[in-house]
Amino acid sequence: MGIIAKKHEETYVEYRDRAVNKISPSFCGAKWFNATIWLGNGTTASCHHPPAHKIPLEEVAMNHKAIHNTQYKKLIRKQMLEGERPKECEYCWKIEDLGPDKVSDRVFKSVIYTDEELEQCKALYGWEKDVELKTLEIAFDPNCNFACSYCNASFSTTWQNDIKKNGPYQNLVSDGAGAFQHDGGHALPYGKKNEGNPYIEAFWKWWEGELQYTLRELRVTGGEPTMSQDFWKLMKWWENNPECNVEFAMNSNLGQKQELFEQLLKATHNFKTFHLYTSCESIGAQAEYIRDGLVFDNWLVNMDRLLSEGKVTSLNCMMTINALCLFTLPEFMDEMIKLKVKYKSQSPVCSFNILRFPSFQSIVTLPMEVRLERADAIEEWINKNWNEGENGFIEWEKDSMNRLVTYLREIEEGHSHTSSIETRERDFKSFYMQYDIRRNKNFTETYPRLKEWFDSIPETNITPLKGLVDGDDAKSNRYVDDVMETAKKEGWILNPQWANPGAQDYIEPDEQDEILDFIKNN
């Protein structure tokens, strides 16, 4: 995005204390200026750590900007401004509680906004006003040709096909079990073509109104976006509006059909700025085991072609640090360094995102001796390859890898309300035994260093699950009800009606259904 507000001579700790904690010790700029919105089913979050929450249709009916500015988000903003730690942001609090020199993601997600913009969160917007987004990520639908092990049918139609063909995963009892026992039906309530989807209509109203002028970056994710008709509709809009100054970014697994990759490569030349985010975190057979559908060598070739043939402002690799990627993670970083050196740039820039859900696939489920050995290996790689960024390995990546090393050595539970280690281990075995059969894979051959531990885990045999579960996570977001109930008791809850009775823009309650119909039909 081109903006890093940290001063050149500052460390991230110094930046945090100067610019972020100055507003509040629990402040995060993402809650104001950033959003991920799953338009296909009407859910949103302001970063990838807290669970998504449902966007009430009645709020969208009165204000299309409510696809970001939900009542719930506004109440979380209030907590942050008052120095209270929102419970949904526990990922950052766990990192920060490791010590005053530990930098959490709320810093990395704030540093992309200027000091003045962060100050506006308190001085201009506060917690009650609608905020004009600066960075926005949207997903039109879950169409995807991959079925990654930690993903599920909410975000991948290939996962949906697995569950519909083979049924739900059995013998899972941990807090991550339900993710693999639904078919993703909730993810496409308006059908594969999203006909009459009020959330997509609200996006287009906001985009064609203010967003195309006020937004700094629009990012499209999926599923795999290149498999979405709405994505190519947006590509056509951009082709017809080349003067648009919004920076464009997208997520792609870079494993789509060749003709779609060629179209994408061509489309990169239609933008003033084009950022591409892809994902991988290990190499060879282990990468292909984690990310079912991936051909690792083809992925590397496509990375190289984007840097050599595409008009790409930045190429970014979002690494999902899970229990199975640690064994070839250093070798994966070797491949990234090769590309950095070849193109004499920081691209691909790597981010190290520690998986927490499902908890049985988390790195904290591994035996401690494995974790400590991997921490030592990763630390050794850092020390060997750090040369002040001259090889493209930058400070931000180094700090993130050091954070991973600390996490491996010290964290016992990835999140609150997680299942016991015994339960997670049993689910680990139950899941991958079934995963092997469904995906024609072999865990112990792919991960020989885990064979003895894997074989020692008792098998779980419980009453078979005969039906599917409801996979709509937004319904079970425990944080929403808690915050809304507290707000109601303390008298600081917002009324969904922003206009007072008698005002020009006041809407009578019985007119709301008509507005919903209008949104759906226009």
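**View 1. Lysine 344 is exposed, at 76% relative accessible area.** Exposed means over 50%, buried under 20%, and partly exposed in between, with a 1.4 Å probe and protein chains only. Lysine 344 is found in the loop between helix 14 and strand 9. Helices (H or I, at least four residues) and strands (E, at least two) are DSSP runs, numbered from the N terminus. The phi of lysine 344 is near 50°, a positive value in a residue other than glycine. Most residues other than glycine have a negative phi, and most peptide bonds are trans.

The model is predicted: local features need pLDDT of at least 70, and side-chain atom pairs count only at pLDDT 80 or more, while totals for chains, interfaces and linings use all residues. Residues are numbered from 1 along each chain as its sequence is written, and side-chain values use heavy atoms, with hydrogens and water left out.

**View 2. Asparagine 440 has a positive phi, near 55°, in a residue other than glycine.** Asparagine 440 lies in the loop between helix 17 (421-439) and helix 18 (443-446). With a relative accessible area of 72%, asparagine 440 is exposed.

**View 3. Two cis peptide bonds are shown here, one from glycine 222 to glycine 223 and one joining phenylalanine 357 and proline 358.** Omega is near 10° for the glycine pair. Glycine 223 lies in the loop between strand 5 (217-221) and helix 10. For the bond between phenylalanine 357 and proline 358, omega is about -5°. Proline 358 sits in the loop between strand 9 (349-354) and helix 15 (368-385).

**View 4. Lysine 31 is buried because its relative accessibility is 6%.** Its place is in helix 2 (residues 30-33). Lysine 31 touches Ser46, His68, Lys73, Ile76, Arg77, Met80 and Glu88, leaving out residues up to four places away in sequence. Contact means heavy atoms within 4.5 Å.

**View 5. Helix 4 (residues 71-81) is mostly covered.** Eleven of its eleven residues are buried. Among them are Lys73, Ile76, Arg77 and Met80, which lysine 31 also touches. Gln71, Tyr72 and Leu81 are on the buried list too. Just after helix 4, glycine 83 takes a positive phi of about 80°.

**View 6. The largest nonpolar core holds 142 residues.** Such a core is a set of buried Ala, Val, Leu, Ile, Met, Phe, Trp, Tyr and Cys residues joined through side-chain atoms within 4.5 Å. Trp207, Trp299 and Met333 touch the most other members. Helix 9 (residues 198-214) gives this core its largest share, eight residues. Tryptophan 299 is in contact with Asn253, Leu254, Thr278, Ser279, Cys280, Leu294, Cys317, Phe332 and Met336, its neighbours within four places in sequence left aside. In soluble globular proteins, nonpolar side chains tend to be buried together.

**View 7. Helix 13 (residues 296-309) packs on helix 14 (residues 329-343) at an angle of about 20°, with the axes 11 Å apart.** Helix 13 is therefore roughly parallel to helix 14. Axes are lines fitted to C-alpha atoms, for helices over the stretch in contact, and angles run from 0 to 180 degrees between N-to-C directions. Under 35 degrees counts as roughly parallel, over 145 as roughly antiparallel, 65 to 115 as roughly perpendicular and the rest as oblique. The crossing of helix 13 and helix 14 is right-handed. Right-handed means the near helix is turned clockwise from the far one by less than a right angle; left-handed means anticlockwise. Helix 13 contributes Phe296, Trp299, Leu300, Met303, Asp304, Leu307 and Ser308 to the contact, and helix 14 contributes Phe332, Glu335, Met336, Leu339, Lys342 and Tyr343. These residues divide into nine nonpolar, one polar and three charged. Ala, Val, Leu, Ile, Met, Phe, Trp, Tyr, Cys and Pro count as nonpolar, Asp, Glu, Lys and Arg as charged, and the others, Gly among them, as polar.

**View 8. The axes of helix 10 (residues 229-240) and helix 11 (residues 258-267) come within 12 Å and cross at roughly 25°.** Helix 10 and helix 11 are therefore roughly parallel to each other. Their crossing is left-handed. Phe231, Trp232 and Met235 of helix 10 meet Leu260, Gln263, Leu264 and Ala267 of helix 11 in the contact. The residues of this contact are six nonpolar, one polar and no charged.

**View 9. Isoleucine 3 is partly exposed, at 24% relative accessible area.** Isoleucine 3 is placed in the segment before helix 1 (12-20). Not counting residues up to four places away in sequence, isoleucine 3 touches Val111, Ile112, Tyr113, Thr114 and Arg216. Isoleucine 163 is 160 residues from isoleucine 3 in sequence, and 42 Å in space, C-alpha to C-alpha.
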